Amino acid sequence: MVELKTDASIDAMHAAGQVVGRALTAVRDAAEVGISLRELDEVAHDVLRAAGAGSPFLGYRPSFAPTPFPAVICASVNDAIVHGIPDGYRLRDGDLVSIDCGATLDGWAGDSAISFVVGEPRAEDLRLVETAERALAAGIAAAVVGNRIGDIAHAVGSVCRAAGYGIPEDFGGHGVGRQMHEDPGVPNEGRPGRGYRLRPGLVLAIEPMVIGGGTDGYHAAPDGWTLRTDDGSRAAHAEHTVAITDAGPRILTAREERP
């Protein structure tokens, strides 16, 4: 069932989204060669605790997962697309890192993700990240009253395919509200004019995922959580929680950018 939010609820979700934004900024700023993914998880956890927020990730166990998720961020490196478990791996020069984070505050959830390169970047990795961000921007631009979910999916997929990248099937965005994952689903590829009609009060997580090798294949790692590219190429992920309003899309997880 799709739940439309009131203006007051969207404001409350914005507060949760700002916590997510601060956590992602703190993780990005702390990410340097030599730091472990587990240490980055603790950076995000500190931000959540300081804000009095909880984590919708910690302990989360969907039907596909063999165990509850053990952290407050997903940390996916290089050929990991999403759902990477933060562990003792220490970042190396040139690693491409995707961080997904959520927060719950006063009963409302926010969800967002960023990708970046640690140390000296490769041009192809910067292009991959930039494409994920452009696809996200295109999806947000399509998130207007009167459009449909298919218009968002088409906007996202068109950017990714035009760049020659793959898109992992069956994983995409979703509704957000009291729970991190609500209806409707938001695919990263689709036909315009199809699907649920966008109305004021609908809140969605739009999250492009792109595979650098151009193929769509992926598989679950032995931990049962991490999704890795079949061809071993690198991947990037970008995400914002966005409210559909009469004034246009409102990004609830916007974060401060580096100067």
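Analyst: What follows is a description of the aromatic pairs, one ring at a time.

The model is a predicted one, and with ring centres required to lie within 6.5 Å of each other, the count comes to four aromatic pairs. The centres of the Phe64 and Phe171 rings are 6.3 Å apart and their planes meet at 80°, so this pair is classed as edge-to-face, given that angles over 60 degrees fall in that class. Because Phe64 belongs to the loop between helix 2 (37-50) and strand 1 (73-77), while Phe171 belongs to the loop between helix 4 (149-162) and strand 5 (173-175), the pair ties together parts that are 107 residues apart in sequence.

Both of these residues are partly exposed, Phe64 with a relative accessibility of 40% and Phe171 with a relative accessible area of 21%. Phe64 also pairs with Trp225, where the ring centres are 5.4 Å apart and the planes stand at 70°, so this pair too is edge-to-face. It again links distant parts of the chain, since Trp225 sits in the loop between strand 9 (218-220) and strand 10 (227-229), 161 residues from Phe64. Trp225, at 3% relative accessibility, counts as buried, because the cut-off for that term is under 20%.

Taken together, ring pairs join Phe64, Phe69, Phe171, Tyr218 and Trp225 into a cluster. A further contact involving an aromatic ring is that of Arg178, which lies over the face of Trp108 at 3.9 Å from the ring centre.

Terms used: Residues are numbered from 1 along each chain as its sequence is written. This is a predicted model: local features need pLDDT of at least 70, side-chain atom pairs count only at pLDDT 80 or more; totals for chains, interfaces and linings use all residues. Side-chain values use heavy atoms; hydrogens and water are left out. Rings of Phe, Tyr and Trp (its six-membered ring) pair if their centres lie within 6.5 Å; planes under 30 degrees apart count as stacked, over 60 as edge-to-face and the rest as tilted. Helices (H or I, at least four residues) and strands (E, at least two) are DSSP runs, numbered from the N terminus. Buried means under 20% relative accessible area, exposed over 50%, partly exposed in between (1.4 Å probe, protein chains only). A charge sits over a ring if NZ of Lys or CZ of Arg is within 6 Å of the ring centre and within 35 degrees of the ring normal.
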